[in-house]
Amino acid sequence: MGRTTRAASRIRALILVAAMAAVPLTWGSLESSARPVASTAGITRGAGPALRPGRALAERAAATDRSSHRSQPGSALLVRVTARTPIRSEPGAGRLIGWVPAVSRYYHAPIVAWVRRTSADGRYGLLAVPYSAGLRSGWIALRGMRRTGTRISVQVDLSRHLLTVMRGARPVAHFPAATGAPSTPTPTGRYFVTDRVPFSPGSAYGSFAFGISGIQSHLPAGWWGGDQLAIHGTSAPSTIGTSASAGCLRVSEQALARLRPLLRPGTPVIVRP
């Protein structure tokens with residue numbers, strides 16, 4: 001498979017839903033202007049698929065705390081999932097309700113999952129089912145998983161078209177965002193960052209995208225892309241602050257510059273009405 005074909009298939013896979021009436025996108029425009037960048041700051045050249053850098057980011061983050069995660073006020077527990085793991089309705093029991101993959105759905109970056117809470121004995125963790133259209137949550141066994149933590153999270157208020165970065169319980173940055181159009185609303189839920197994807201500056205998706213663990217189940221008619229949700233830039237900055245996308249969250253280049261050093265794999269992303 002040629003380099004152009006591989007890049008095209010990756011772009012089709014990650015939804016990065018920016019389609020809207022004001023900016024009609026065609027296969028040709030994506031092929032030419034929204035190509036993932038092979039090398040950029042913090043990205044290793046020749047590392048394989050565009051999201052291979054996610055592996056290095058996850059490993060560096062984990063290296064800062066190779067021991068068990070120590071709870072801190074406002075700190076989220078993150079776990080590195082090394083094998084496809086069943087999600088059950090009860091800690092260690094109950095019906096199977098889903099799976100956590102070891103790598104992200106489209107870009108094959110190592111999965112670092114956000115665990116919302118643990119069982120009393122610390123052996124099981126509760127998390128939202130990744131890549132699911134519903135709001136289901138269940139329990140996974142944590143044995144053997146490397147634990148880290150982050151005090152950074154993202155809170156999205158759809159009614160205000162506002163994305164807020166939190167450090168613990170304290171907001172540290174606010175950014176206006178474009179959200180889903182009335183016919184393709186952004187799904188609410190508890191997600192986490194799965195992918196970090198650089199794009200060529202000026203692309204339809206801006207210079208960067210953060211894939212998250214949610215999907216859009218109400219895609220526009222004729223949509224040819226995938227269904228994964230993302231936070232990304234845009235070539236139509238006038239749409240920021242409006243309901244205009246097919247489900248993703250569009251932010252400015254200034255916002256992306258602030259978000260890139262903060263949002264690592266596993267970072268919680270909570271979307272509210």
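User: Why is strand E9 said to be largely enclosed by the rest of the structure?
Analyst: Start with burial: buried means under 20% relative accessible area, exposed over 50%, partly exposed in between (1.4 Å probe, protein chains only). Five of the six residues of E9 are buried, so the strand is largely enclosed. E13 is mostly covered too, with nine of its 10 residues buried.

User: What should I know about the model and its numbering?
Analyst: This is a predicted model: local features need pLDDT of at least 70, side-chain atom pairs count only at pLDDT 80 or more, and totals for chains, interfaces and linings use all residues. Residues are numbered from 1 along each chain as its sequence is written, and side-chain values use heavy atoms, with hydrogens and water left out.

User: What is the mean pLDDT of the chain?
Analyst: pLDDT is the predictor's confidence in each residue, from 0 to 100. The chain has a mean of 79, and 73% of its residues reach 70 or more. Over residues 1-71 the pLDDT is below 50. That stretch still has 136 contacts in the model beyond near neighbours in sequence; contact means heavy atoms within 4.5 Å.

User: In what order do the strands of the open sheet lie?
Analyst: Strands of a sheet pair through backbone hydrogen bonds, either parallel or antiparallel. Helices (H or I, at least four residues) and strands (E, at least two) are DSSP runs, numbered from the N terminus. Two strands pair if DSSP finds at least two bridges between them. Here eight strands form an open sheet with mixed pairing, in the order E11-E10-E9-E18-E13-E14-E15-E17. At the edges are E11 (170-176) and E17 (249-250), each pairing on one side only.

User: Which way does E9 run against E10, and which way against E18?
Analyst: E9 and E10 run antiparallel, joined by six bridges. Serine 153 stands opposite methionine 166 in E10. Their hairpin has four residues between the strands, and histidine 161 takes a positive phi near 50° there. E9 and E18 run parallel, with four bridges. Glutamine 155 faces isoleucine 270 in E18.

User: How many bridges join E13 to E18, and how many link E13 and E14?
Analyst: Four bridges join E13 to E18, antiparallel. Arginine 190 has isoleucine 270 of E18 as its bridge partner. E13 and E14 are also antiparallel, over five bridges. There, arginine 196 is partnered by phenylalanine 210 in E14. Four bridges then join E14 (208-215) to E15 (228-232), again antiparallel.

User: Which residues have the most contacts inside the largest nonpolar core?
Analyst: In soluble globular proteins, nonpolar side chains tend to be buried together. A nonpolar core is a set of buried Ala, Val, Leu, Ile, Met, Phe, Trp, Tyr and Cys residues joined through side-chain atoms within 4.5 Å. The largest one has 24 residues; Leu163, Ile231, Val251, Leu259 and Val269 have the most contacts inside it. Elements giving two or more residues to this core include E9, E10, E13 and helix H4 (253-259). A second, separate core of 22 residues includes Val79, Ile97, Ile140 and Phe192.

User: What kind of aromatic pair do phenylalanine 199 and tyrosine 205 form?
Analyst: Rings of Phe, Tyr and Trp (its six-membered ring) pair if their centres lie within 6.5 Å; planes under 30 degrees apart count as stacked, over 60 as edge-to-face and the rest as tilted. The count is two aromatic pairs. Phenylalanine 199 and tyrosine 205 are edge-to-face, 5.4 Å centre to centre, with 75° between the planes. Both residues are buried.
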